[in-house]
Amino acid sequence: MNLLNRCTTKEIKLLENIGLNVEDKDYTNEELRRYESQIEDFIMSHSTKNGDISKLSNQYNSILNTLVKGNK
């Protein structure tokens, strides 16, 4: 799956904000799983007390859905 073609500009910026660079290439299932894991780790590294995890989960939800669908 080519993430550059599947993700919106906003989603690509979100990925870049956490250090994941999106290239114009077909990603392997392993690469997609790695991105998924890195996004989940980023979200979980934030505080639940001030609602950061919920907010980040909502922001990255569509990207995670895209990655999960690409792994099938």
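The model is predicted, so local features need pLDDT of at least 70 and side-chain atom pairs count only at pLDDT 80 or more, while totals for chains, interfaces and linings use all residues. Residues are numbered from 1 along each chain as its sequence is written, and side-chain values use heavy atoms, with hydrogens and water left out.

Let us begin with the pairs themselves. Two salt bridges are present, each being a side-chain nitrogen of Lys or Arg within 4 Å of a carboxyl oxygen of Asp or Glu.

One of them links Lys25 to Glu31, with the closest N and O atoms 2.7 Å apart. Lys25 sits in the loop between α2 (9–17) and α3; helices here are DSSP runs of H or I with at least four residues, numbered from the N terminus. Lys25 is partly exposed at a relative accessible area of 29%, whereas Glu31 is buried at 17%. Buried means under 20% relative accessible area, exposed over 50%, and partly exposed in between (1.4 Å probe, protein chains only).

Now look around Lys25. Setting aside neighbours within four places in sequence, Lys25 is in contact with Met1, Asn2, Leu3 and Glu31, where contact means heavy atoms within 4.5 Å. Lys25 and Asn5 are 20 residues apart in sequence, and their C-alpha atoms are 9.2 Å apart in space.

The other salt bridge joins Glu30 and Arg33, whose closest N and O atoms are 3.6 Å apart. Both residues belong to helix α3 (residues 29–44) and are three residues apart, about one turn of the helix. Glu30 is partly exposed at 44%, and Arg33 is partly exposed at 41%.

How values were computed
Helices (H or I, at least four residues) and strands (E, at least two) are DSSP runs, numbered from the N terminus.
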